[in-house]
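Good morning, and thank you for coming.

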Amino acid sequence: MVDRRLIAQLDSLEPDKRKVAVQQLARSKDMDAIRYLEATERSDSDSSVRDLARKAIVYIKRQNEESGASSPASTPAEPQAPAGKSRYAAGSIMAEYANRQPEPYDEPMEPQEPVEAPKAKPVSVSESRQRNAKGAVDMAGRAAFNEDNGRAAKYLVEAFKQNPNLQFDPYAVGLAATVTGLYKTDAVQAILDGSALDLFDKNELQGKKKIVDPSKEADGVDVPPAGWGTALVDLFMYGLINAVIVGVTVIALIQVIVSVLSNDPTLKAQLAQSQLTLATVIDQVAAFAILSLVVYALVYGLMMMVALLIQSFLIHVAARMVLGGEGTMPNLIHRTALFLGFMAALITIVQIGGFFLPIVSDPAIGIAIWALGFFLSVYTLIGYSSRIGKAYDMGGGKGCAALFLSTVLIGLVSLACVVVLTQSGLVVISNLLSLTPVP
């Protein structure tokens with residue numbers, strides 16, 4: 001059966017897209033496609049497209065004659081003059097006819113030898129980019145297995161961008177040909193220059209043709225795995241958000257303390273006896289406190305970045321080695337860092353509101369806000385697990401298991417550090433006692 005998408009693409013406003021459709025129809029060798037190609041040959045406004053359609057008709061008929069199939073009853077149009085030198089990649093199906101003079105359809109035609117294209121040379125690619133590219137190819141393979149060719153093409157474009165040497169990898173080249181429906185040489189070129197994405201509509205690129213349970217798609221549409229550059233930016237933003245949280249929290253507490261002290265008559269009397277005003281004291285303390293607060297907030301943000309980096313590493317180990325997931329640590333950080341940062345900020349705001357509102361309002365409001373904070377904490381845990389599962393393509397349940405295993409690993413590592421430090425301290429104390437002279 002003729003692919004209806006290719007038939008629709010024959011009416012595209014862009015000649016290059018119409019040529020791609022003609023080429024793929026030729027690859028199908030489907031006799032039913034001839035009627036559409038003949039219409040294209042008669043009515044297309046671009047002479048090169050008309051010439052390509054004529055060659056495609058010849059190719060399909062010759063292939064079916066060799067296999068003993070019969071052609072549909074149709075009257076071929078008169079051959080058009082050749083459009084000139086072929087614009088198709090050497091080795092493609094259409095390239096073998098590109099430089100031939102028009103001949104009657106009923107005469108046998110022998111293909112010319114394809115012209116060798118200049119061979120590309122491997123380039124130097126860092127190990128991190130090779131790993132990212134491998135992860136993208138793996139995800140493309142899974143998408144192609146699920147017949148999500150548009151999404152698979154996105155992964156392949158990202159993979160070839162990270163590692164152009166994939167054009168020499170038989171598996172990656174074969175996958176590109178399968179996904180795009182083009183001949184291998186043309187498929188590689190289309191993936192390298194990104195034009196392969198033009199073969200799919202927006203829904204296909206986003207994988208929306210799959211029936212997906214919305215409750216399991218907490219993260220939206222799949223995207224190609226992120227590299228370390230993107231991951232480090234997200235990690236920095238996570239640290240900055242935590243630094244701002246600490247700074248705002250401390251400033252809020254200072255404002256409350258200053259407000260309480262300003263209304264304390266005993267303190268005012270003591271300051272009056274010492275010939276000091278409350279404003280003077282506050283200004284003196286603020287000059288030192290602001291600098292200390294900035295330093296503390298930055299140090300805290302840096303500590304949170306390191307903590308998330310360590311936890312992400314342990315989650316990566318648990319997901320890959322224990323649970324059999326497929327993914328990269330940079331992609332995990334990209335998927336989780338900003339989510340955790342924004343949720344931490346939201347929970348902090350709710351908790352501060354639960355602490356201060358009962359002072360000026362009904363205590364029941366404070367209890368409700370604390371309950372909201374608990375709900376947000378649970379939602380953060382579920383969302384974190386879901387994103388871990390998505391990063392390693394293994395589902396939210398295994399994502400939660402990876403998070404649990406990483407927490408256990410953190411506990412074991414912390415316990416080991418405490419034991420080592422304790423033993424080291426005991427050894428130092430024992431050595432000091434042995435060196436102390438007895439009176």
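Residues are numbered from 1 along each chain as its sequence is written, and side-chain values use heavy atoms, with hydrogens and water left out.

Let me turn to confidence. The mean pLDDT (the predictor's confidence in each residue, from 0 to 100) is 75 for the protein, and 71% of its residues reach 70 or more. Helices here are DSSP runs of H or I with at least four residues, strands are runs of E with at least two, and numbering starts from the N terminus. Over residues 70-117 pLDDT stays under 50, although the model has 87 contacts beyond four places in sequence for them; contact means heavy atoms within 4.5 Å. Residues 209-222 also stay under 50, with 22 such contacts. Where pLDDT is low, the predicted coordinates should not be read in detail.

As for make-up, the protein has 15 helices and zero strands. Of its 439 residues, 38% count as buried, meaning under 20% relative accessible area, with exposed meaning over 50% and partly exposed in between (1.4 Å probe, protein chains only). Of the contacts with a separation of 6 or more, 70% join residues 24 or more positions apart.

Which of its residues are buried? They are Ile34, Leu37, Glu38, Thr40 and Glu41. These residues lie on the same side of helix 3 because they cover an arc of only 160° around the axis, taken from the directions from the helix axis to the C-beta atoms. They pack against helix 2 (15-28) and helix 4 (47-66). The face turned away from this buried side carries the exposed residues Arg42 and Ser43.

Serine 312 counts as buried because its relative accessibility is 1%. Beyond its neighbours within four places in sequence, serine 312 is in contact with Met329, Leu332 and Ile333.

Finally, I come to helix 10 (residues 228-262), where valine 233 is placed. Thank you; I welcome your comments.

Technical notes:
This is a predicted model: local features need pLDDT of at least 70, side-chain atom pairs count only at pLDDT 80 or more; totals for chains, interfaces and linings use all residues.
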